[in-house]
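Biologist: Hi! Could you walk me through this one?
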Amino acid sequence: MDECRLELRNVSKSFGEVKALEDINFQLGSNEIVGLLGDNGAGKSTLIKIITGYYQPTSGEIYFNGKKVDDLSVPKARELGVETVYQERALAELQTLWRNIFLGRELCNSWGFLDIQRMRDETHRLMTQTMGFTSHAVSPDSRVGKFSGGEKQGVAIVRALFFEAEIIVLDEPTMGLSLKETAKLVNFVKGIKEAGKSAIFIDHNIFHVYNVADRVVVIDRGKVAGEFLTKNIGVTELMEKMVRVAETGKFD
Amino acid sequence: MSSETNGTATKVIQHYKVPFSLRRIARLYSAQLGILGVFVTLWIIFIVSAPDTFLSGRIYSAFMTSIPFFAIMAIPLTIVVIAKEMDLSFPSIMAMGMVAFSFVYDGTAMIGSTTVRVFLAIIAALLAGTIIGWLNGFIIVKFGIPSLVVTIGTQFFWRGAVLVLTSGANFPLTYIKQTIFYPILVGKIGGYIPMQMIWLIVVTIVGWVLLNRHRFGAHVYLTGDNSNSAELMGVNTGWVRIRAFMLIGLISAFAGVLYSFFIAYFWPSLGDGYLLNTLASVFLGGTSVFGGTGTILGTFLGAFIIGAIEAATVAIGLTGFWTQLIYGFIIVLSVIMHTYLRKRGE
């Protein structure tokens with residue numbers, strides 16, 4: 001069997017008395033797109049934040065490329081090639097575009113002094129070649145706060161791409177996007193697959209997930225309720241199962 | 001789509017050059033230009049209404065003598081406020097640093113050389129300030145208490161500690177005048193430019209470089225702008241804030257040393273009366289209390305506006321009673337201007 005890019009074994013997370021996740025087993029293969037589905041409060045975001053190192057699991061083990069990783073933190077996860085497009089976008093809106101692209105990962109010398117010219121150059125290149133910002137109103141020195149929802153999402157995505165991500169996590173990326181922007185995003189996720197990378201894709205919209213994912217994992221009340229290969233299941237059937245799980249906690 | 005975009009950090013790329021445009025510069029530096037406008041306008045008003053005073057060199061020598069004592073603390077305070085925190089305890093840190101100074105000076109009597117003793121005492125003062133700043137930051141970050149509240153508490157605590165440790169006594173520091181540190185810290189270059197002004201310029205430049213050209217400064221802006229985003233992207237916002245408080249602790253202790261050397265005397269009330277001037281300099285300079293925006297240049301100019309108003313009111317021929325009224329008027333007007341400029345800049 002292929003080595004997993006990422007594997008969680010019996011991962012649980014409690015916040016005080018509340019058990020957000022219980023004994024989660026989750027694998028992400030290399031060059032695989034996994035869709036994560038579940039109702040509000042099912043634990044999707046908690047799971048994501050464990051993978052990105054923002055939360056530490058209460059118990060359980062995390063493996064990257066078959067190697068166990070202890071005390072995963074955000075910088076450590078980013079070093080291991082995890083880049084995340086957060087639901088809340090994780091932008092600093094009063095700051096310039098180039099500061100946002102390099103947020104938390106500023107290019108600097110060993111003394112910590114910033115290489116501003118290179119960051120602005122790279123930002124300009126990413127803007128014109130990847131983000132498709134052609135408007136003259138947008139420059140590396142523009143403040144991100146005045147961007148549209150789609151442009152902000154573009155910043156969050158391009159940021160994930162710049163740093164040679166092996167695993168790209170997309171947490172509700174279509175929220176607040178227009179139809180055209182959503183189509184662009186779905187294409188982008190397909191592009192991740194073609195580039196040989198892996199991704200975890202979370203979305204409310206089953207159709208978006210179904211269209212791009214190789215496999216769908218359903219989370220319910222902090223547990224993995226089941227998983228399906230998209231080639232083995234129809235989208236209507238999947239939808240019916242989702243509703244049933246949300247109501248009864250069981251698939252059948 | 002993504003094949004050409006995957007990580008090309010090392011690839012040689014074309015330099016991005018910005019076409020020169022006055023409008024762009026005006027937008028980017030609106031805060032600095034705004035306060036510069038206020039500064040120049042006030043200056044012209046002062047010169048026109050009291051030409052004898054404001055066209056002679058003596059007034060500027062006087063400004064450079066007295067303003068640096070609080071302006072120097074306004075620089076690290078700007079960094080603290082940009083990180084969306086507040087510090088009210090720095091006047092007490094000034095005094096507490098000098099308590100550490102006098103303890104170490106008295107405790108090293110076995111060393112013959114006054115210069116060595118004073119040197120050790122200065123180090124002790126700076127260290128005490130840094131530690132107190134660290135403690136402020138630690139309490140704020142560890143327990144998640146708003147810094148405004150914590151530093152109201154520590155402000156009383158350290159002032160109290162000063163009074164307890166010195167029994168409220170004041171004493172002369174005449175011995176410092178024989179050491180090299182006296183001319184280095186508060187001497188006058190060519191009999192005109194006071195050394196404290198040079199130290200203010202040094203701290204201002206270091207503060208500007210830290211804030212604008214160093215990773216620490218980048219993280220300060222990000223922490224103040226949106227600490228949740230910064231955390232999600234791996235910035236240790238707690239440590240950023242603790243370091244900001246250590247910085248203002250260090251510089252406050254240094255300001256305490258400067259002022260005490262200048263008067264060659266220790267007063268347990270050292271620092272009283274500097275709180276509002278320093279805060280006003282920061283906000284006058286366009287730093288937002290909501291965090292994420294602010295400039296060192298603005299604060300620097302703000303401090304000189306604050307420092308000049310008092311002398312100016314008297315020189316213009318108004319009584320000293322007018323000083324505070326004019327202070328208030330200019331501060332409120334400037335803050336309104338900054339808010340307006342910020343909204344337009346977004």
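Biologist: What should I know before reading the numbers?

Modeller: This is a predicted model, where local features need pLDDT of at least 70, side-chain atom pairs count only at pLDDT 80 or more, and totals for chains, interfaces and linings use all residues. Residues are numbered from 1 along each chain as its sequence is written, while chains are lettered from A and ligands numbered from 1 in the order in which they are written.

Biologist: Thanks! How many helices and strands does chain A have?

Modeller: Chain A has eight helices and 10 strands. Helices (H or I, at least four residues) and strands (E, at least two) are DSSP runs, numbered from the N terminus.

Biologist: And why call chain A compact?

Modeller: Its radius of gyration is 19 Å, close to the 18 Å that the globule rule gives for 252 residues, so chain A is as compact as a globular protein of that length. The radius is taken over C-alpha atoms, and the rule is 2.2 Å times the number of residues to the power 0.38.

Biologist: How much of chain A is buried?

Modeller: Buried residues are 46% of the 252 in chain A. A residue is buried if 20 or more other C-beta atoms lie within 10 Å of its own, exposed if 12 or fewer, and partly exposed in between, with C-beta atoms placed from the backbone.

Biologist: Now chain B, what's in there?

Modeller: Chain B has 16 helices and four strands. Its C-alpha atoms fill a box of roughly 75 × 50 × 40 Å along the principal axes, and 47% of its 346 residues are buried.

Biologist: How many residues of each chain are in contact?

Modeller: 41 residues of chain A are in contact with 29 residues of chain B. Contact requires C-beta atoms, placed from the backbone, to lie within 7 Å.

Biologist: Which element of chain A gives the largest share?

Modeller: That is α4(A), with seven residues on the side that touches chain B.

Biologist: New topic: where is Tyr63(A), and what does it touch?

Modeller: Tyr63(A) is in strand β4 (residues 59-64) of chain A. Not counting residues up to four places away in sequence, Tyr63(A) touches Cys4(A), Glu7(A), Lys68(A) and Val69(A).

Biologist: Is Tyr63(A) buried, exposed or partly exposed, and why?

Modeller: Partly exposed, because Tyr63(A) has 16 other C-beta atoms within 10 Å.

Methods. Contact = placed C-beta atoms within 7 Å.
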